[in-house]
Amino acid sequence: MFTLAEVASLSDIQPTYRILKPWWDVFMDYLAVVMLMVAIFAGTMQLTKDQVVCLPVLQSTVNSKVQPDTSGKADFTTVETTTGQEEASMRTVSFGSAPTVTPDIFLSRATSSQYQPTESGQELKKEQKDSSGRKTNLDFQQYVFINQMCYHLALPWYSKYFPYLVLIHTIILIVSSNFWFKYPKTCSKIEHFVSILGKCFESPWTTKALSETACEDSEENKQRLTGAQSLPKYVSTSSDEGSPSASTPMITKSGFKFSADKPMIEIPSVTILDKKDGEQAKALFEKVRKFRAHVEDSDLIYKLYVGQTVIKTVKFIFILCYTANFVNTISFEHICNPKVEHLIGYTQFECTHNMAYMLKKLLISYISLICVYGFICLYTLFWLFRLPLKEYSFEKVREESSFSDIPDVKNDFAFLLHMVDQYDQLYSKRFGVFLSEVSENKLRGISLNHEWTYEKLRQHVSRNAQDKQELHLFMLSGVPDAVFDLTDLDVLKLELIPEAKITAKISQMTNLQELHLYHCPAKVEQTAFSFLRDHLRCLHVKFTDVAEIPAWVYLLKTLRELYLIGNLNSENNKMIGLESLRELRHLKILHVKSNLTKIPPNITDVAPHLTKLVIHNDGTKLVVLNSLKKMTNVAELELQNCELERIPHAIFSLSNLQELDLKSNSIRTIEEIISFQHLKRLTCLKLWHNKIVSIPSSITHIKNLESLYLSNNKLETLPAAVFSLQKLRCLDVSYNSIAVIPVEIGLLQNLQHFHITGNKVDILPKQLFKCVKLRTLSLGQNCITSIPDKVSQLLQLTYLELKGNCLDRLPATLGQCQLLRKSGLIVEDHLFDALPSEVKEVLNQDTSIPFANGI
């Protein structure tokens, strides 16, 4: 037989799973234990005491039952009520012959003791003759044999197997109650859920951090009461839009109140969250996020729990139905007909079952337990189908806390939370804190401020190319509060900070005029926005989707430069609705790096004061350009990498255009260049990195042209018309296939920068050195064999590139170029070393005379 401990082990679950055991499951577990005890007790009793005792029913006794006694007093059945002395003598009766007492003698004595002597002697002799059994001298063995046979033949099966049936039914009910804790696909989810739930409940973030926030509120309340009038101009007294108010309680039992968007203030060190606790809490937020995404996809746990509850209910009905039919079969007396007359001499026996009384009491107890168990199962089914257990709302938690953004959950996640509520609702309340983005951002802010102190941020401040103080923050969880204490900062770059928030303390940064937001949809408080609206001059926004552009960007009235880098051509973006730029009344420069197929027609309306428009199109063909005609105030226009094949006609209407850059397109011919004569202010034309084969002579009509960039094209010659542009100061024809520099170059008396690197030039005309204003001369990667001595006429030369030619020496007259130094002479080392020593000394001298090199 099983021990109670062995059977009870079937229902063992981890102690931590108790939070998923509602009261009905706990109660049914106890009922199952009691049923186990009933089964084991009944089984033990049967193994030790279960038996039947049988005695033969005499044939004459049967006849006497049919014919009543002539005296009218009693029939033969009164044999069962014998005196004590006769019972003692009956124990010595055997079915065969015995040394002292025979069945004939026993029967004659029994008959004479119970019947009156009015019986005739003849009848007594006949009765004794009929009642004789078979004599074997095996009295005891005959009794044992009959008892065992009648135990199996006469005793009902339910009396024999009742304890085992109870045991089997109870084991099935126990397994059904805990199967969802054992099934692998649900057990793993439950184990993770219980583990995370316990950590969330015990996390210091739900105690220390909330207490810290309460201290903040108390400090802020004091400030409101005592020093509201002394607030700085740009300090915000309200939280962000949509954030909960500061008076909303977090958890009723805690008694603390706080605002999720309030800035951190100095509080006693006792309530500060430890770094280790903060890291653990951040890990919990990540675990909860991943667990929710994993569990919300299915409802397997819910279905399995409903299924096992249905199985228990069906089992209850089945047990109750068949048990009720067998209650009356458990009886103390049974008639047995073993058909062993040839061995014993008797055909019928009357047996008594000594366990009948106890089994009947146990059966009644078992039925009572099953009824209670069944009613609880029915209640469980009612609870399962009455409520929408696949949905769980944190509405009550949101009302009682400051975390108004706690999302509702569904499927198995919701069902597990409903089960936890049956144990203790405080668990789900605390668990909800870790579903709130406001709570997570609050924790990140606390940890971030502990890590990024003022001293650490100061170490990351650097000087940029414009000699401005710049701070670049990359991949942080937020913007540290100490950033706003860097009052002398000029440029602030925020990159990959998804939860960036600009607080009212930014009003302290009076020098801040440039802000970079790279994949950083920053939120600003109202007071912070007022400061940025009045002080910010330059804004860079880099994004993947247009939704990342903060809405407040379009309201910066004093903004002068706006740089937008990202995808603007998807259907969902709707061309970003550039009418939003209408409020940017002082915008001068608009830089768009995207994949536009057309320039939005409303761009001319929203930026009437625009003076510079830059479009870098990343290889997407720009088709519609008619809207450019209305941009009469644009002075600089860049259309780079737009797959243009010709110069757009819309450009010829820009009367105020001063600089045109068509870099990295597919322009092959520039015959339309004659139309540039109408652009009287055009001074710089950049047609580099195209496929231009020739320069038309009509270029001579652009009288005011000062800079011409034609590098990285397919030019083979330079027409004389180019050298008729008397105002030309910079000419760049690098990386073409030009073999000859025309002698007309001497006509460009104002030429200061000439670049012809990467061509096929082999001879330098002497007229080149008549351009005495040359400061930059790039002749590298050609086929030049010698440099004329007349290079000494270039007294303003500061940069000379000769590397990559066929030179065997350098002219000694280089020393007469007063502004040329070794740092500006790009040539092979052996050629420089071959120069006379006095020339090298001149070139190695330091000079304090400022010069500008490059383009």
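Analyst: Helices (H or I, at least four residues) and strands (E, at least two) are DSSP runs, numbered from the N terminus. This is a predicted model, in which local features need pLDDT of at least 70 and side-chain atom pairs count only at pLDDT 80 or more, while totals for chains, interfaces and linings use all residues. Residues are numbered from 1 along each chain as its sequence is written, and side-chain values use heavy atoms, with hydrogens and water left out.

The patch is nonpolar, covers about 490 Å² and is made by Trp-23, Phe-27, Val-372, Tyr-379 and Phe-382. Patch residues have over 30% relative accessible area and no salt bridge; nonpolar side chains (Val, Leu, Ile, Met, Phe, Trp, Tyr) are joined within 5 Å, and like charges within 9 Å. The areas come from the Shrake-Rupley method with a 1.4 Å probe, and for residues only the protein chains shown count as cover. Two elements give two or more residues to the patch: helix H2 (23-49) and helix H14 (356-386). H14 gives the most, with 3 residues. Phe-27 belongs to H2. Its relative accessibility is 38%, so Phe-27 counts as partly exposed (buried is under 20%, exposed over 50%, partly exposed in between, with a 1.4 Å probe and protein chains only).

Other aromatic residues pair with each other. Rings of Phe, Tyr and Trp (its six-membered ring) pair if their centres lie within 6.5 Å; planes under 30 degrees apart are stacked, over 60 edge-to-face, and the rest tilted. The count is 19 aromatic pairs. In one of them, the rings of Phe-193 and Phe-413 have centres 6.3 Å apart and planes at 85°, so the pair is edge-to-face. Phe-193 is in helix H9 (residues 184-202) and Phe-413 in helix H16 (residues 411-423), so this pair ties together parts 220 residues apart in sequence. Phe-193 is buried, at 0% relative accessibility, and Phe-413 is buried at 0% as well. Trp-180, Phe-181, Tyr-302, Tyr-305 and Phe-415 form one aromatic cluster.

Strands come next; two of them pair if DSSP finds at least two bridges between them. An open sheet of 3 strands has the order E1-E3-E2, with antiparallel pairing. Its edge strands are E1 (52-56) and E2 (333-336), each pairing on one side only. E2 and strand E3 (residues 349-353) are joined antiparallel over 4 bridges, and Ile-335 stands opposite Glu-350 in E3.

Charged side chains remain. A salt bridge is a side-chain nitrogen of Lys or Arg within 4 Å of a carboxyl oxygen of Asp or Glu, and the whole structure has 18 of them. Glu-706 and Arg-729 meet in one, at 3.3 Å from N to O. Glu-706 lies in the loop between E18 and strand E19 (707-709) and Arg-729 in the loop between E19 and strand E20 (730-732), so the pair ties together parts 23 residues apart in sequence. Glu-706 is partly exposed, at 25%, and so is Arg-729, at 34%. Glu-286, Arg-289 and Lys-290 are linked in a network of salt bridges.
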